[in-house]
Every structure is written in C-alpha cells, then in structure tokens.
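Please find below a briefing on one protein model. It is arranged by topic for reading beside the coordinates.

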Amino acid sequence: MKLIINGNDYHYEFEQLIRVFMPDVKLEKIFDSPCVEGDFVLCESVQSEHDISLRVICSISEFSCKKSEVYVGDNLYKQGELIACKILYSMLCAYSGYRPEWGMQTGVRPTKIFFNLLRNNTEAQAVKYLEEDLFISKSKVNLITEVCKNEKAVMDSSRTNQFSLYVSVPFCPTRCSYCSFISHSFDSIKKLIPEYVRLLCEEIAQIAALTKELHLYLRTVYIGGGTPTVLDTKQLLSICEEIQRDFDLSQLSEVTLEAGRPDTLSEEKLNAIKNSFVTRITINAQTFNDEILASIGRKHTADDMYLAYACARKAGFDNINTDLIAGLEGESTQSFLHSVQSAIDLSAENITVHTLALKRSSFLITRDEAKGKIEAATSNMITKANSLLKENGYIPYYMYRQSKSVGNLENTGWSKPGHICEYNIFMMEEVHHVFGAGAGAVTRLVDTDTRSIRRIYNYKYPYEYIDGFAEMIKRKKDAADVIKKWQKP
Ligand code: SF4
C-alpha cells in the first residue's frame, strides 16, 4: 500500500496509525507526488499564514473515502497533524469495522501524555482530550488516571541527585516461543558467561566512579534480563557484591532481581540472594496452565511455580512479582482468570498483566472475523483480570504499551498497597537518570529542567559487548559529560 504525503511531514503519525489497523502492511512512502493508483492513503496540506487546508484520502480495495478540512487558529502545523490523523482514524474505523480501545494513541507511554496535559490543563480537560481527541475508551482513560495517581507519590519522592541502575543479564535457560527480547539460550552461550560477568562488574564499577564524581546517589537497582538466575550463585553474588562495594547505598530504597523462570531457582540460590541486598524478586508464571507452558517452550509447570514461591517465602522474600500474559494461544478467559487467581492465592505482592506481543504479527485486522475474535477474547481477559485484581485489593501502578501486542492492548503492573516497584515508575516516567550496564542495556539521561531525554545504547549482543567493551566505557564517559553540562548553572 502507498502512503502519499504532500506538503507536510506527518508521515510518522500516519504510519503508526495505519499500523494499528494493519500491523503487517507493507507501506511504500511517497512524498510530494500526485500518484494515486492502487491501494493508498494520501495526506495533503497547504499552509498559509492564517490557515492550513488538509485533504485525506483512503482508498483500499473497494473502500474509498475522502475528506477536506480547513483549520484556522493557533499552532497551524501541529493542529493540522492532529486533524489529519483524526480524519484518517475515522476512515480506518469505517474501513475495518474496528474501534481500538486505545483510539489514536499509538505511543508506548500513555501516562506520559496525561502528565504532560496536566501541566497546562485541569484533570477534566486532560480527560476530555484523551476521550474526545484521541478516542481512548472510558475504561482505558480511567486506568491512565488511576495509574498516574499511584505513580505521582513515587515520582515526587525522587530527588534531583538520584539515579537508578539497570543491570542486564540477557540469558535464559530456553527461549520462549513468543519472546521478542534480545535474550540467548544458556546452552548456546555458556562459554561467554564468565567473561561477560567479569566485564559487567567492571562496567558497574565505572558507572559508580562516574556517578560519584557527579554527586549522584543510587536510588533503585534492577537486575533484569533475560533470566539473571540462570547464572550460578557465585556469579550472581559477584554482581550484587560489586554494586554493594562500589556505590554509596545510603539513599538506596529497592533492589529487584528477575528470577524469571522457576526452573532456575533453588533453595541455596534464593537464600544467597536474600542474604545479599536484594529486596524484591520476580518469579514469572506467564500462565498456570501446564499445557500452554509446554507449548510456549517453558520448561516448568505450575507446580514448579508453587514450589519456587514456597522456597522464596521460606528464604524471607516479602516482595515478589509474578508476570502473566493474556492472549497466549490456547488460553481462554476462564483459564487466564485461573492464572490471575493463582497468583493472588500465592499472595504475590505485584502481579504484572502483559498482553501477548508477537514477534512477527500475524494479526492483520481487517474484516477477518477470526482475528477479531482473538482481539475481543484478549480484551475480555484483560478487563476481567483488572476487575479481579481490584476486588482483591491490588492497585494499578505502572503501565506501558508494546508494539504488535494483540489488540494494541496494554501491560499493567498491579501492586498490593505499600509494595509499588519504584524502579518501574522511575524508568517508565523517565523521572531520573537510569544507567544501564551489560549487553542490550540502555542508559536514559533525563534533563529535569527541559524534560529532554538522551539515550545511550550498549551493544545488543553479549559477544559484541565483550569485543567492544572499551567502547561501552567510552559511552558511559560521554553520558557523564552530558550530565555535567546539564548540571552547570
Ligand atoms: S524468559 Fe523472558 S526473556 Fe527469556 S526467553 Fe522467555 S520471554 Fe524471553
């Protein structure tokens, strides 16, 4: 399909919007061309000093629709983009018969939009904008406002001289069939691990030295992956000890370790982790349905989950998260709610409900009834899970969206009151700097004055990380230089 853009630069938003309805469509972008053949979407604008004239055409198979509009007012170019998107959105709804619950909202952080709106608007005005201009459903808007309310206190507690640390251990015992992360199965990469852990510790030490110079204090730590507990106890402890040795921990409030797969845990490992400085772990079920666990390539059962929880509780962990995924093949609403109830029965302090995100989306949302049914079933799972969690006293405390998730639905972290994971909020809302160590880690620098964000990437793959380690250190020094400039009066 062609996306023809004439007289403006709205192609990014148009593409994102088209992908909500047609995730896999091959788009050929054409600029400033009169070409209108075959299947196409056209967005044309002519701007003068006082107004902007817009013309949008959507022509796909038998469907054809065109609309023109003139806007007169402030901020012509930006308003023109919003109006053109609204026109295209209503055309795509008419074409597909599909009304996305997230409306025109295509970004990964809907809460950020709400916080931005609150800078210049009342809450009622912000809610109105989400519902009437972005077409987000009432229930999703309620979710946004609730999450924002719960995030606010944590966000306000961050001081300007604090930062968080993310440590990446991108290895897993086996690869889950739906996984879209940069993670490597343990057997294929075993030989690299001792060197990887050694360099990871060196990078952590470098970050500690640089942040000390910048007078920054460590607030939260997240050791994630992958499945960090695929490492042996000695390797895991060496990472924890490195952090404990290198940083001033006087302002540290939380240390999470992803113990993602129950099959990587043992009593000995859990006790050792508990006796280090880890305060929170995640043990991820994804589902409590054994058949589905086997079909997605996870080598554990629901019983292994119960056992891992019992061991973790015995070791003294009183803050455990469990991830669940809605929309896995073979899962019904009933079986998914059984998984949610199982996590509640385990008294998980945090339950994170994800929507399945597909590596290569097979969901072409046109008028295909079967696909529509999967969308509707997943949406139903999420809605009912949310109600069940609320009934059991959980509160939604962070949320994000991933591209290619079924129905463009969201991932939401739920927490028992008093157990909100601070790191998730600091990272998601870009509250303060997050230094990333290890392969695939991203350092996010936040200029709190201008709200601008600078991202500095580590190499993605462990072998690249090992070979290019000097470059990783150089990038960390560059990050420190950026902060130094921002810190100058
Ligand atoms: S445990 Fe997570 S990171 Fe590892 S393969 Fe499965 S989905 Fe991917």
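Residues are numbered from 1 along each chain as its sequence is written. Helices (H or I, at least four residues) and strands (E, at least two) are DSSP runs, numbered from the N terminus.

**Confidence and domains**

- The mean pLDDT (the predictor's confidence in each residue, from 0 to 100) is 92, and 96% of the residues reach 70 or more.
- In residues 360-367 the pLDDT falls below 50, and this stretch has 20 contacts in the model beyond near neighbours in sequence; a contact requires C-beta atoms, placed from the backbone, within 7 Å.
- Where pLDDT is low, the predicted coordinates should not be read in detail.
- An automatic or database domain assignment divides the protein into domain 1 (2-96), domain 2 (110-152) and domain 3 (153-479).
- The centres of domain 1 and domain 3, taken over C-alpha atoms, are 38 Å apart.

**The five-stranded sheet**

- An open sheet of five strands has the order β2-β1-β3-β4-β5, with mixed pairing; two strands pair if DSSP finds at least two bridges between them.
- The edge strands β2 (28-31) and β5 each pair on one side only.
- From one strand to the next, the twist averages 10 degrees; axes are lines fitted to C-alpha atoms, for helices over the stretch in contact, and angles run from 0 to 180 degrees between N-to-C directions.
- Strand β1 (residues 2-6) runs parallel to β3 and is joined to it by five bridges, and Leu3 stands opposite Val41 in β3.
- Helix α1 packs on the sheet, touching β1, β2 and β3, and its direction makes about 155 degrees with that of β1.
- Helix α2 also packs on the sheet, where it touches β3, β4 and β5, at about 25 degrees to the direction of β4.

**Helix α2 and its ends**

- α2 (residues 76-96) has 21 residues and reaches 30 Å from its first C-alpha to its last, close to the 30 Å expected at 1.5 Å a residue; the expected span is 1.5 Å times one less than the number of residues.
- Buried residues of α2 include Ala84, Leu88 and Leu92; a residue is buried with 20 or more other C-beta atoms within 10 Å of its own, exposed with 12 or fewer, and partly exposed in between, the C-beta atoms being placed from the backbone.
- The cover over the buried residues of α2 includes α1 (11-21), β3 (40-47), β4 (51-60) and β5 (63-72).
- Asn75, in the loop between β5 and α2, has a positive phi of about 55 degrees although it is not a glycine.
- Asn75 is exposed, because 11 other C-beta atoms lie within 10 Å.
- Gly97 follows α2 and has a positive phi, near 70 degrees.

**Other backbone features**

- The peptide bond from Gly225 to Gly226 is cis, with omega near 10 degrees; Gly226 lies in the loop between β9 (217-225) and α8 (233-246).
- Ser347, in the loop between α12 (333-345) and β13 (350-355), is not a glycine but has a positive phi of about 65 degrees.
- Six bridges join the antiparallel strands β17 (residues 442-447) and β18 (residues 452-457); in their hairpin, which has four residues between the strands, Arg451 takes a positive phi near 65 degrees.

Notes
This is a predicted model: local features need pLDDT of at least 70, side-chain atom pairs count only at pLDDT 80 or more; totals for chains, interfaces and linings use all residues. Two residues are in contact if their C-beta atoms, placed from the backbone, lie within 7 Å.
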